[in-house]
Amino acid sequence: MIVERIIQLLAEQYDMDPSTLSAESSFEDMSFDSLDVAEMVMTLEDEYNVHLEMSSDIKTIGDLAKYIEAQQKK
Amino acid sequence: MSFHIIGTGSCHPEKRITNDQLAEFLDTSDEWISTRTGIKERRVLTNEKVLDLAYEASLAALENAGVGAEELDFIIFTTMLGDFITPSMSCLLSKRLGTVCTRVLDMNMACPGFIYALDVADSMFKAGKAEKGLVVSAEAMSRIVDWTDRSTCVLFGDGAGAAVLAKGDGFKDAIFTVDGGYENLYVPIWDGNSPYAAPAGQKAFLKMNGQEVYIFAVSSIVQQITAILEKNGMTADEPSFYILHQANIRIIESARKKLNQPVDKFPVNLDRYGNTSSATVPMLLDELNRQGRLKKGDKLVLCGFGAGLITGTCILEW
């Protein structure tokens, strides 16, 4: 499941406790700035072999997982 | 036969501006700037000119090399904006140094400018046009940034770095990429008053999409360094230092982790000078040299990225 994999990647990259993260966790709550988001986009692009463009509609881990799934179908 | 770098020098303006001083007139803080960029302070021109910085850096490099200015066969000067649009900065520096060389050349290749200049210098040596030459990078970013824009003005600083080159086999290879776009990073030109052309109405301030430039920088550094090492039959463990353009500590850290190399191979001076565009790489090279950290035979990888979006990467043997 993409949500679980995103949580695992965030936990590894940012030294976060995975049990505190869920599909509803928002990037703002994680205090991510634009470069943190850029770093995450790069990791996920490599992981899922898709092209991602962050938009302000993608606010949570769940939103991001849905976007990746949509890109994979293209 | 190419060249060896036989001397280095650098110079920065007197005036030191800390993050706290910026916070006096910008909605920012030392905590924000330091954690997000690694920059703690920068130097800015007050009464000095770009030519002054270049002159002092060049004198220091000539002295370090044990070479007189009269021995120089060429001067390449990299800058985005000198003290004049014309005449060229290289010709002004030539006179100031008291050289007799007439092969002087300005280059504007933004932040990787020094590396582009080394490649041109390589051509000069290979064409038999030089025994010795000077490459100097001097930038006044304080003249180009919008000091009301906290997202950009906090990132940059002023400074100069120089290298004296002599015939030799130190320059091993260089590779470049050129994307050819301006949207994510540019400084527009100001309007003249031609009665025939509609004014663009833009102010000549630096504009940048930080997120896009970050993604470009990190992915390019890794790709280009990997490519040049592979092309030259080297592993990432072999270079003693990776001298990267000093834009943001997070770019450097991200690239370092992806290359799986230790921190001490990635020297940093952006904490003290910020992003001085094409001057970052020669300033850092001079620091390493003056600190005695470079040993004969050390392999160095220099890598820069900047407006264009472009990259320049080279391998030098010290």
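How many residues of chain A are in contact with chain B, and how many of chain B with chain A? In this predicted model, eight residues of chain A are in contact with nine residues of chain B. On the side of chain A that touches chain B, five residues are nonpolar, one is polar and two are charged.

**Domains of chain B**
- Chain B is divided into domain 1, residues 2-169, and domain 2, residues 174-317.
- The C-alpha centres of these two domains of chain B lie 14 Å apart.
- Contact between them involves 43 residues of domain 1 and 37 residues of domain 2.
- On the domain 1 side, at least two residues each come from strand S1 (2-11), strand S3 (41-44), helix H5 (113-126), strand S6 (132-140) and strand S7 (158-168) of chain B.
- That side of domain 1 has 20 nonpolar, 15 polar and eight charged residues.

**The largest nonpolar core**
- The largest nonpolar core has 97 residues, and those with the most contacts inside it are B:Ala54, B:Ala57, B:Leu93, B:Val135 and B:Val136.
- Helix H3 (residues 50-65) of chain B gives the largest share of this core, 10 residues.
- Because domain 1 and domain 2 of chain B both give residues to this core, it lies between them.
- Beyond its neighbours within four places in sequence, B:Leu93 is in contact with B:Leu51, B:Ala54, B:Tyr55, B:Ser58, B:Ile75, B:Phe77 and B:Val136.

**A second core**
- A separate core of 11 residues includes A:Ile7, A:Met40, A:Leu44 and A:Leu64.

Technical notes: Residues are numbered from 1 along each chain as its sequence is written. Chains are lettered from A and ligands numbered from 1 in the order in which they are written. This is a predicted model: local features need pLDDT of at least 70, side-chain atom pairs count only at pLDDT 80 or more; totals for chains, interfaces and linings use all residues. Two residues are in contact if their C-beta atoms, placed from the backbone, lie within 7 Å. Ala, Val, Leu, Ile, Met, Phe, Trp, Tyr, Cys and Pro count as nonpolar, Asp, Glu, Lys and Arg as charged, and the others, Gly among them, as polar. A nonpolar core is a set of buried Ala, Val, Leu, Ile, Met, Phe, Trp, Tyr and Cys residues joined through C-beta atoms within 7 Å. A residue is buried if 20 or more other C-beta atoms lie within 10 Å of its own, exposed if 12 or fewer, and partly exposed in between; C-beta atoms are placed from the backbone. Helices (H or I, at least four residues) and strands (E, at least two) are DSSP runs, numbered from the N terminus. Domain bounds come from an automatic or database domain assignment.
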